[in-house]
Each structure stands twice: as C-alpha cells, then as structure tokens.
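Trainee: Please give me a close look at a single part of this model. I would like one connected account, with the cut-offs stated as you go.

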Amino acid sequence: IEIIPSEIENLNNLSEIYLSNNLIESIPLEFFNLTKLKVISLTFNKIKILPKEIGKLSLIKELDLSSNEIQNLPNEIGNLINLEILVLNHNQIQYL
C-alpha cells in the first residue's frame, strides 16, 4: 500500500499495527487518534517525517520505524513514557 487511509482512526480499539514492506511515505494525522496502540511496525517503507503527534500515543511499548527515510525525531517522542523498544536503524537520522 502507498497510503494509510484516514479512516484508520475508526479502528479505535486497535492495539497493534504492522504495515511493513509497503510504499508508505507519510503517516496521516488521524493515525495518532489510535490511542490504544501498543505496538507499531512501519518498517521498510518510505516515511520521511515522524509527526509530532506521535507523542499522543502514550501507551506505545514498541515502535519500529527501521528502514525508512526519517531524518529527525520530534521532541514529542519523549512523551512515550511506556516505550520499551525503539528501532530506528537504516534511516537518515543525524542526531537524537
């Protein structure tokens, strides 16, 4: 898939999402209304920007964004107080 549909926000009980090996370039803001998410895997896509709204997902325990095109992380990633696993290898991040 190339686009995560904005209607994904209707899956409000979703706790895990695996969308690896696609052609996704961006994450729609509606995605960050899925506040029950605990695991996100978006590996091997073409994501360039991680929106600051990631900070709304305070229940996240595992976030895997490896093998994308991310250059920076928003400060709001610090709001993920339950985060246990963060995987960012094979991106273009220059500093944390």
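Mentor: Start with the sheet. Four strands form an open sheet in the order β1-β2-β3-β4, and the pairing is parallel. The edge strands are β1 (16–18) and β4, each of which pairs on one side only. On average, neighbouring strands of this sheet are turned by 5 degrees against each other, direction ignored. Such angles run from 0 to 180 degrees between N-to-C directions, with axes as lines fitted to C-alpha atoms, for helices over the stretch in contact. Strands pair if DSSP finds at least two bridges between them. β1 and β2 pair in the parallel sense over three bridges. Isoleucine 17 stands opposite isoleucine 40 in β2.

A word on the source. This is a predicted model, in which local features need pLDDT of at least 70, side-chain atom pairs count only at pLDDT 80 or more, and totals for chains, interfaces and linings use all residues. Residues are numbered from 1 along each chain as its sequence is written, while side-chain values use heavy atoms, leaving out hydrogens and water.

The chain has zero helices and four strands. Both are DSSP runs numbered from the N terminus: helices are H or I, at least four residues, and strands are E, at least two.

Now follow the chain out of β2. Leucine 42 is one of the residues that touch the most other members of the largest nonpolar core, which has 23 residues. Phe31, Leu37, Ile40, Leu57 and Leu63 share that description. A nonpolar core is a set of buried Ala, Val, Leu, Ile, Met, Phe, Trp, Tyr and Cys residues joined through side-chain atoms within 4.5 Å. Leaving aside neighbours within four places in sequence, leucine 42 is in contact with Ile4, Leu19, Ser20, Ile24, Ile27, Ile47, Asp64, Leu65, Ser66 and Asn68. Contact means heavy atoms within 4.5 Å.

Next comes threonine 43, in the loop between β2 and β3. Threonine 43 counts as buried because its relative accessibility is 8%. The cut-offs are under 20% relative accessible area for buried, over 50% for exposed, and partly exposed in between (1.4 Å probe, protein chains only). The side chain of threonine 43 makes a polar contact with that of serine 20, at 2.6 Å. A polar contact is a pair of N or O atoms within 3.5 Å; within protein, one must be able to donate a hydrogen and the other to accept it, and residues adjacent in sequence count only if both atoms are side-chain atoms. Beyond four places in sequence, the contacts of threonine 43 are Leu19, Ser20, Asn21, Asp64, Ser66, Ser67 and Asn68.

Phenylalanine 44 lies in the loop between β2 (39–41) and β3 (62–64). Its phi is positive, about 55 degrees, although it is not a glycine. Most residues other than glycine have a negative phi. At 47% relative accessibility, phenylalanine 44 counts as partly exposed.

Serine 67, a contact of threonine 43, also has a positive phi, about 60 degrees, and is not a glycine. Serine 67 sits in the loop between β3 and β4 (85–87). With a relative accessible area of 14%, serine 67 is buried.

Isoleucine 70 lies in the loop between β3 and β4. Isoleucine 70 is buried, at 0% relative accessible area. Not counting residues up to four places away in sequence, isoleucine 70 touches Ile47, Lys48, Leu65, Asn91, Gln92 and Ile93. Leu65 is also a contact of leucine 42.
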